[in-house]
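Please keep the viewer open as you read.

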Amino acid sequence: MATDPMAEIRAGFFVECEELLESLQDSLVLLQDGRTDSETVNTVFRAVHSIKGGAGAFGLDALVAFAHRYETVLDALRSGQLEATPEAVRSFFQAADLLQDHVRAARDGAPPPEGAEEVLRTLEALIGGGGETAEPPPDFQPIALDFQPITLSFDFDALDEPAAPARWVIRFRPTDALYASGNEPLHLLRALAALGSAEVACDTTAVPPLDALPPEAALLAWRITLPGEIAEAEIREVFDFVEDVCALEIARETGTGAEPPAVAPAGVPGCAAEAPAAPQVPPAPVDAAIVDAAPLPAATPAAAPPRETSGRHAPPAEVSATVRVDLDRIDRLVNLVGELVINQAMLAQSVAEAGLPPNSAVMTGLEAFMMLTRDLQDSVMMIRAQPVKPLFQRMARIVREASAAVGKEVRLHTEGETTEVDKTVIERLAEPLTHMIRNAVDHGLETPELRLAAGKPAEGVISLTAQHRSGRIVIEVADDGAGINRPKVREIALARGLIPADAALTDAEIDNLLFLPGFSTASQVSALSGRGVGMDVVRQAIQSLGGRVTIQSAPGAGTRFSISLPLTLAVLDGMVVSVADETLVVPLSSILETATLAAGDIRALGPQTNVIHLRGAFVPLYDLGAELGYRAPLPSYEGAVVLLTAQEDGSRAALIVDAIHEQRQVVIKGLQQAYGRIPGVAAATILGNGRIALILDTADLVQTASGRTRISQLALAG
Amino acid sequence: MSTPESPSAEVELLSFRLADEEYSVDIMSVREIRGWTRATPLPHAPPHVRGVINLRGTVLPVVDLSVRLGMAPVPGDSRNVIIVVQVGSQTTGLLVNAVSDILSLPRSELQPPPDLLADEEQSFIEALTIVDGRMIRVLDLRAVLPDQSAEAA
C-alpha cells in the first residue's frame, strides 16, 4: 500500500469522512433541539451525500448503498415531506452511527457492520416505507466552489417514446480534474455496465506519441452505449459526482448505428485540446484501456488534495485556514523543543558557574533566550492541543447505545466541547471515559419507573463537561441518579475482604472503595458495563496520564466523577529538591506550601509514623529519603524542610526533603518504556547538569507509603 | 543452549572484564560504549539495577552486570564503562569494569557450556570459547535482560 499513490488519496477520503461524520452529528444534535431550519437539514444531507460520493469513487459499494438509502430519507426531510420528529431524529442518529461503522469498516477492509438493514427499514418506514432505491434528486448539486458549466444535451423527445426506446449513447470525457480529485473512470464504467449490457469504446485520438505525452493530462474519452430501457436518471446518477469534472453527453441513439466512432473534442467545455498529434494506441477493450490510463493521473497524487471538492461541501462554522500535518512531525518538533529546553538549562548553569555579573550582555541575552524558549514551547504544545469535541461525540453515541440496551431514557448534556487538551490525552481518555459513561447509564441512573417514583423526570441526564482549571483540564461525568449506595458498597468491600469488618470509613472513603482493584459489583453484572474492567482500571488509565479521578456523590441527587488531567504530557512546572544527595522534582501543582519544622510541630503517632500539627490540622509526615529507600529515617526531624502536598481528594501529606533548590519548568521523559513503573515516581527529567532527576507522583507515593499502615491512615485522613 | 544457526560463519564478539573474568557479547547487539557516568538510582529497584542515565536526551536504565551475574558490584569509578546494548526493542546500559577487545572467530569455535553448573549464572551463558588460552564466556543477553515490561507487569 505504501507505494500505491491511491492509498494516500484514500486515506485523505477517510479523514474527510470523519470530519463529515462530525458535522453530521453536530447538525443532528441541532435537529434534536428543534433547529429544523434548512441550513441544518442541508448540512445533514450534504454530509451523507459527500460520503456517498467519495465512497463511490473508491468503489466502496456497501458504504455507497447504505449512504444512498440514508440520503434518500434525508432528502424527504429536506424537501419537507418528512417532519423532524423525535422518533425520526433518533433514527437519524442510529443511521449516523451505522454510517460511521460503515466508514470504519470500509477503511479497515472489514466486513460491513450488521444490523444495517433493520435501521434502514426503520428509516424508510418514516417516508412510507418502500425499499425503492430512489435516485438522488436531480436538482441537487454539491456546493463545490469550482463548478464548471457543463454542456448537456437532453433528448427529451426520446423520453416520451413509449415503446422500444433507442439505445443510450453516452460520451464521457474526463478532464484532468477528475483524476486529480481521485475519481476513477473504471468504476464509473463498471457501474454503467452494471445497469445493462454496455458497449464501451475508448477514444484515444487525443493521445500523443509517448515522448510528447503530458503525464497529468486526461486524454482518453469513452463512448458507451446502453439499452434504451434504462432510465436516464440512473445513468446520470453514475456520473453524479464527476459531472463537474468531465464532459458528459447522454443522448438517445438517433440513427441506425451511424454514430461516429469517436467523440469530437471540439465544443466540449472543460476538455482541453492539448493533444494535436494523432494517437498511436489502438482501440482497446475497456479494462485494458483503463489499466493503461490509470497510471497517468495516479503518478502525481500530490497535484491536488484528495477529494478537495467534497471537502468544501461542509465548511465549519468559523472558517480558518488549516494545515493537515502528520502527527509524527509534530512529535519530532515537540521532542526538539524539549531538547532545547534542556540545553538552555545547561547553558544557564554553565553561565552561572562562570560567575558573570548579572547585568552582563550574556546574562540579558540568556534571559531573552529563556523567554523565547518558553514561548516556543507553549506554541508547540498548542499545536498538539485539540478540542475534546470528537471525544464527547463518541460518548454521545455510547450514551445512545447504552441507554437503548438497558431501556432507560437518557439525555447527554455536554459543555465545554471546545476545551483543548493534548491529543494523546484525548486518545487515551476515550476508553476510561467510555467505561464511566456506561457505568453512569447502567448503575448511576435509575430506571424510569424508579425515577418517576422519586419525583424526578423519567429521562435521566448525564452531563459531560470539560473546563480548564488552574493549569489542568477537568472533565466531569455527572448523572442525576440515585447516588452511590454506600451501605451496599461497604458490604461488597467487606465481602471481598478489602476492608476489615470494624473499619470506620467516611462517606468519601466508601466512595473511593469503588476504585480498589478487586472491587467489582459482580452481583449486578450486565452486558453493558460488566466487562470485567472495574473502576480501578479507569483510575489506572487516568493515572498513567498524570491525572486523578475523584468521586462526589449525594444520595438521591446523583454521582459526579471528576477527572483532572495535565494539559500536556511534555512539560511540567516543578520544584527541584534534594534528598540524600539525590535531586528530585515535585510537581508544583501538588504543593500547597513549604515550611520548616519546629520541635513542637511533630507528634509521634506510632513507632513508624509521625504527624505534624499545622494550623489546627494533623497532617501525616513522610520522610522522602526513607520512603524512596535512599537512606534510613532521620533520627530527628527538627528543623527539617517539608513540602505540604495536597491530593485531588483533598487529603494532605507533608514530605520531608533535605533542601529546596528552585522552581522551574522541566521536560517530562517517560520512564515506563525504558524501565517500567516505579511506585511513587511519575516520570523522569533531565537537569541542567545533564543528570536525570525523578519526578515524584506524590499521591502515589503517599498511597504506597500508607499502604503499610493503611487503617491508621484511613482513620487519620477523615 | 545450542549456537544459533547463522549464515555467516564468522562471529564478532565484544569482550570485557568483570572482576577478573572475561565475558563477551555479540557485537551486533552493541550500540555504543560510554564512559562512566553516575546513574540516578531508582527507588524500589532490584539491586542489579544501578539507575538511569541520560543518553542524549533519553532515559537509559543501567544494569550492574557484575551484580546481575551474582558477583560483587562494579566499584563505579572513571575507569568503568557502560556498554549500551539493544535487546529486542529495549535499550539498556551494562556497567562493566573495562572493555578488552573485539574478537573475530569462526562460529564453530563456540561451544555450548557444559551442562553441570547448577547456579543461576549458567543460564546467562550462551557459549564458551578459548582465545589465546583464556576462556571467554558469551552472554545470552535475553536471559540477562528479561523484558522489563513483562517483569513489571
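Axes here are lines fitted to C-alpha atoms, for helices over the stretch in contact, and angles run from 0 to 180 degrees between N-to-C directions. Helices (H or I, at least four residues) and strands (E, at least two) are DSSP runs, numbered from the N terminus. This is a predicted model, in which local features need pLDDT of at least 70 and side-chain atom pairs count only at pLDDT 80 or more, while totals for chains, interfaces and linings use all residues. Residues are numbered from 1 along each chain as its sequence is written, and chains are lettered from A and ligands numbered from 1 in the order in which they are written.

Two packed helices are described by the angle between their axes and the distance between the axes.

| Helix pair (chain A) | Axis distance | Angle |
|---|---|---|
| helix 13 and helix 14 (residues 361-384) | within 10 Å | roughly 160° |
| helix 16 and helix 20 (residues 535-544) | 9 Å | about 155° |
| helix 15 (residues 389-406) and helix 16 | within 9 Å | roughly 30° |

Angles under 35 degrees count as roughly parallel, over 145 as roughly antiparallel, 65 to 115 as roughly perpendicular and the rest as oblique. Helix 13 and helix 14 of chain A are therefore roughly antiparallel, and their crossing is left-handed. (A crossing is left-handed if the near helix is turned anticlockwise from the far one by less than a right angle, and right-handed if clockwise.) Residues are in contact if their C-beta atoms, placed from the backbone, lie within 7 Å. On helix 13 of chain A the contact includes Ile330(A), Leu333(A) and Val351(A), and on helix 14 of chain A it includes Val362(A), Phe369(A) and Arg384(A). By class, this contact has 17 nonpolar, three polar and one charged residues. For these classes, Ala, Val, Leu, Ile, Met, Phe, Trp, Tyr, Cys and Pro count as nonpolar, Asp, Glu, Lys and Arg as charged, and the others, Gly among them, as polar.

Helix 16 of chain A takes part in the other two pairs. With helix 20 of chain A, helix 16 is roughly antiparallel, again in a left-handed crossing. Arg428(A), Glu431(A), Pro432(A), His435(A) and Met436(A) of helix 16 meet Val538(A), Ala541(A) and Ile542(A) of helix 20. That contact divides into five nonpolar, one polar and two charged residues.

With helix 15 of chain A, helix 16 is roughly parallel, and the crossing is right-handed. Among the residues that meet are Leu391(A) and Val406(A) in helix 15 and Ile426(A) and Asp442(A) in helix 16. Here the classes are twelve nonpolar, two polar and three charged.

**Sheets**

Two strands pair if DSSP finds at least two bridges between them. One open sheet of chain A has five strands in the order 6-8-9-11-10, with mixed pairing. Strand 6 (410-415) and strand 10 (548-554) of chain A are its edge strands, each pairing on one side only. Neighbouring strands are turned by 15° against each other on average, direction ignored. Helix 16 (residues 423-444) of chain A packs on this sheet, touching strand 6, strand 8 (460-469), strand 9 and strand 11, and its direction makes about 20° with that of strand 9. Strand 9 (residues 472-479) and strand 11 (residues 558-566) of chain A pair in the antiparallel sense over eight bridges, with Pro566(A) as the bridge partner of Arg472(A).

Another open sheet of five strands in chain A, also of mixed pairing, has the order 20-12-13-22-21. Strand 20 (659-667) and strand 21 of chain A each have a single partner strand, so one side of each is left without a neighbour in the sheet. In this sheet, neighbouring strands are turned by 35° on average, direction ignored. Strand 21 and strand 22 of chain A run antiparallel over five bridges, and Val681(A) has Leu696(A) as its bridge partner.

In chain B, strand 9 (residues 125-131) and strand 10 (residues 134-139) run antiparallel and are joined by six bridges. They form a hairpin with two residues between them, and Asp132(B) in the turn has a positive phi of about 50°.

**Where the chains meet**

The contact between the chains takes 22 residues from chain A and 17 residues from chain B. On the chain A side, helix 13 (327-354), strand 21 (681-686) and strand 22 (692-696) each give two or more residues. That side divides into 13 nonpolar, four polar and five charged residues.

**Confidence**

The model scores ipTM 0.82 and pTM 0.52. Chain B averages a pLDDT (the predictor's confidence in each residue, from 0 to 100) of 82, and 86% of its residues score at least 70. Over residues 149-153 of chain B, pLDDT stays under 50. Where pLDDT is low, the predicted coordinates should not be read in detail.

How values were computed:
Two residues are in contact if their C-beta atoms, placed from the backbone, lie within 7 Å.
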